[in-house]
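Have a look at the model first, and then we can go through it by topic.

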Amino acid sequence: MTAKRKNRKTTKAKGDQTKSLILDTALEMVRERGYENTTMRAIAEMAGVSLGNAYYYFSSKEHLVQAFYQQLHESHLAAALPSLELEKTLKARLLTVMRSKIETLKPYHKFAGVLFKTAANPQSPLNPFADESDPVRQQSIQLFEKVVEGTQARIPKDLRAELPYLLWVYHMGIILFWIHDASPRQRRTYRMIDHTVDLLDKLIHVASNPFMRPLRKQALRMVDEIRESLPDEAKSEET
């Protein structure tokens, strides 16, 4: 390895360390002070970097939180994908993804409660349905596409096409339940996952019956209603 390559590798490593330091500092400050009371200047000072350096890696507080979303998603993929390779039924695959999601979120339970106060606002760029959240949202939906694609279940084409998005919406509901779950180690959330995944598996099986086609069509029209509530950019990405 030449000296120039070594220098580039060292510079990148230092850059990654600085970026991680700024992100970790920001998450801790948001947890302690709340999102609105945390500024980029305060983050930079606490991290021991210049304000310009902080802005070099993250153009705004929103960018910092979106980076957190991305980090969480990548951790979820690392936990879920190997297990998905071992499962073939829709129920087992969905259980794997949902349980691993909560395991990934566990260290951030208190932080999620603080962030939710801002992210729950439909106008907030941190809202999961916001345009700014679209890249991670699409990646998450793609994970549920893998859940559906790898199953042996016979699912009608119209339902199969919409199922990844429906499962993503369902998983957002579970996360909301988890945020408010004060039970020890959030055990209620795991029970909720077990019960609801079992119910969803049965509903999908029933909905796949040819005699249920009219009801299925009606249910799928509800998906369009949900999409109507999304920002225009998000709707265009998902249709």
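The axes of α5 (90-105) and α9 (187-207) come within 10 Å and cross at roughly 155°, which makes α5 roughly antiparallel to α9. Axes here are lines fitted to C-alpha atoms, for helices over the stretch in contact, and angles run from 0 to 180 degrees between N-to-C directions. Angles under 35 degrees count as roughly parallel, over 145 as roughly antiparallel, 65 to 115 as roughly perpendicular and the rest as oblique.

This is a predicted model, in which local features need pLDDT of at least 70 and side-chain atom pairs count only at pLDDT 80 or more, while totals for chains, interfaces and linings use all residues. Residues are numbered from 1 along each chain as its sequence is written, and side-chain values use heavy atoms, with hydrogens and water left out.

**Overall layout**

- The protein has 11 helices and zero strands; helices (H or I, at least four residues) and strands (E, at least two) are DSSP runs, numbered from the N terminus.
- Along the sequence, the pattern reads α-α-α-α-α-α-α-α-α-α-α.
- Taken along the principal axes, the C-alpha atoms fill a box of roughly 65 × 45 × 40 Å.

**α5 with α9**

- The crossing of α5 past α9 is right-handed; a crossing is left-handed if the near helix is turned anticlockwise from the far one by less than a right angle, and right-handed if clockwise.
- From α5, the residues L90, K91, L94, L95, M98, R99, I102 and E103 meet T189, Y190, I193, D194, V197, D198, L200, D201 and I204 of α9, where contact means heavy atoms within 4.5 Å.
- This contact of α5 with α9 divides into 10 nonpolar, one polar and six charged residues. Ala, Val, Leu, Ile, Met, Phe, Trp, Tyr, Cys and Pro count as nonpolar, Asp, Glu, Lys and Arg as charged, and the others, Gly among them, as polar.

- Helix α4 (residues 61-84) and helix α7 (residues 134-149) have axes that come within 10 Å and cross at roughly 10°, so α4 and α7 are roughly parallel to each other.
- On the α4 side the contact uses Q66, Y69, Q70, H73, H76, L77, L81 and L84, and on the α7 side V136, Q139, S140, L143, K146 and V147.
- Seven nonpolar, six polar and one charged residues make up the contact of α4 with α7.
- The axes of α7 and α8 come within 8 Å and cross at roughly 120°, so these two helices are oblique to each other.
- The crossing of α7 and α8 is right-handed, and R137, S140, I141, F144, E145, V148 and E149 of α7 make the contact with R160, L163, P164, Y165, L167, W168 and H171 of α8.
- By class, the contact of α7 with α8 has eight nonpolar, two polar and four charged residues.

**Pockets**

- On a 1 Å grid over the protein atoms alone, a cavity is a set of points where a 1.4 Å probe fits but cannot get out, and a pocket is an open set with protein on both sides within 12 Å along at least five of seven lines; lining residues have an atom within 4 Å of a point.
- The largest pocket holds about 750 Å³ of space, a volume being the space filled by probe spheres set on the grid points, which are joined across faces, edges and corners.
- Of the 34 residues lining the largest pocket, Y69, N127, P128, M172 and I175 are the closest to its centre.
- α4, α5, α6 (109-119), α7 and α8 (157-179) each give two or more residues to the lining of the largest pocket, and the largest share, nine residues, comes from α8.
- The lining of the largest pocket divides into 25 nonpolar, seven polar and two charged residues.
- The second largest pocket holds about 470 Å³, and among its 18 lining residues L159, L166, L200, L203 and A219 lie nearest its centre.
- α8, α9 and α10 (213-228) each give two or more residues to the lining of the second largest pocket, with the largest share, seven residues, coming from α10.
- The lining of the second largest pocket has 17 nonpolar, no polar and one charged residues.

**Cavity**

- A search of the whole structure finds one cavity of 30 Å³ or more, and the largest cavity holds about 60 Å³ of space.
- Its lining consists of L23, A26, L27, V30, Y35, I43, K61, L64, V65 and F111.
- α1 (3-33) and α4 give two or more residues to the lining of the largest cavity, and α1 gives the most, with four residues.
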